[in-house]
Amino acid sequence: MYDKQQFVSIRGIDSDTASVLYGVPQGFVLGPLLFLIYVNDIYSCINNATVKLFADDTNLFVSGTSIDEVSANANICIIKLNTWFLANKLSLSLDKTCFSVFGVRDDNTRCKVELRLDNVILKQVSCCKYLWIIIDNNLTWSEHINYIYNKILKFTSIFL
């Protein structure tokens with residue numbers, strides 16, 4: 001074990017030091033590999049949905065034949081995923097956790113879905129960013145096109 005200490009400093013006031021008992025130092029060359037090994041079994045905690053990882057982002061894809069089936073299954077999967085996180089000394093950031101419902105044209109049906117974790121209702125969003133692509137719940141690509149258009153506009157306007 002390595003002997004690492006940490007403390008917090010706010011406006012010139014330092015906390016007491018505490019020993020770091022586990023973890024990988026930031027910038028450590030083997031950090032990404034160790035993280036991949038550490039989370040390698042996350043796929044085994046859920047058998048009725050697909051878990052996709054990219055760096056430290058975790059995405060859960062749940063499908064079904066009815067909105068009620070998807071909603072119930074998603075709630076079960078979120079609980080299982082959170083249990084895995086806690087068992088592995090990780091935490092699910094509930095304020096950053098959100099979900100979208102794809103493949104449903106009726107907004108009333110889409111709004112029936114409610115996902116909860118520890119009595120916190122997760123935020124439903126109309127679009128989300130996945131691997132730098134903005135996907136809207138109607139799969140029209142309009143949000144992504146607008147995002148790219150505005151980004152290009154910023155760069156091209158300096159030449160006008």
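Me: Leaving aside its neighbours within four places in sequence, which residues is Asn75 in contact with?

Reply: Happy to start there, and please keep in mind that this is a predicted model. Asn75 has its place in helix α2, which spans residues 67–87. Once neighbours within four places in sequence are set aside, the residues in contact with Asn75 are Glu114, Leu115 and Arg116.

Me: Does Asn75 count as buried or exposed?

Reply: The cut-off for buried is under 20% relative accessible area. Asn75 has 18% relative accessibility, so this residue counts as buried.

Me: How many salt bridges does the structure hold, and which residue does Arg116 pair with?

Reply: The structure holds one salt bridge. In this pair, the closest N and O atoms are 2.9 Å apart, and the partner of Arg116 is Glu114.

Me: Which residues form a nonpolar patch on the surface?

Reply: One member, Leu33, has its place in helix α1, residues 31–38. Leu33 is partly exposed, with a relative accessible area of 47%, and a patch takes residues with over 30%, so Leu33 passes that cut-off. Together the patch residues have about 660 Å² of accessible area. They are Val24, Phe28, Val29, Leu30, Leu33, Leu34 and Ile37.

Me: What is the phi of Lys89 near, and where is Lys89 placed?

Reply: Lys89 sits in the loop between α2 and β7, the latter being residues 98–99. Lys89 has a relative accessible area of 55%, and exposed means over 50%, so Lys89 is exposed. Its phi is a positive value in a residue other than glycine, and for Lys89 that value is near 55°.

Me: And Asn119: what is its phi near?

Reply: Asn119 has its place in the loop between β8 (116–117) and β9 (120–121). Here too the residue is something other than glycine and the phi is positive. For Asn119, phi is near 60°.

Me: Is Asn119 buried or exposed?

Reply: The cut-off for exposed is over 50% relative accessible area. Asn119 has a relative accessible area of 71%, so Asn119 is exposed.

Definitions and conventions:
Residues are numbered from 1 along each chain as its sequence is written. This is a predicted model: local features need pLDDT of at least 70, side-chain atom pairs count only at pLDDT 80 or more; totals for chains, interfaces and linings use all residues. Side-chain values use heavy atoms; hydrogens and water are left out. Patches are made of residues with over 30% relative accessible area and no salt bridge: like charges are joined within 9 Å, nonpolar side chains (Val, Leu, Ile, Met, Phe, Trp, Tyr) within 5 Å. Accessible areas come from the Shrake-Rupley method with a 1.4 Å probe; for residues, only the protein chains shown count as cover. A salt bridge is a side-chain nitrogen of Lys or Arg within 4 Å of a carboxyl oxygen of Asp or Glu. Helices (H or I, at least four residues) and strands (E, at least two) are DSSP runs, numbered from the N terminus. Buried means under 20% relative accessible area, exposed over 50%, partly exposed in between (1.4 Å probe, protein chains only). Contact means heavy atoms within 4.5 Å.
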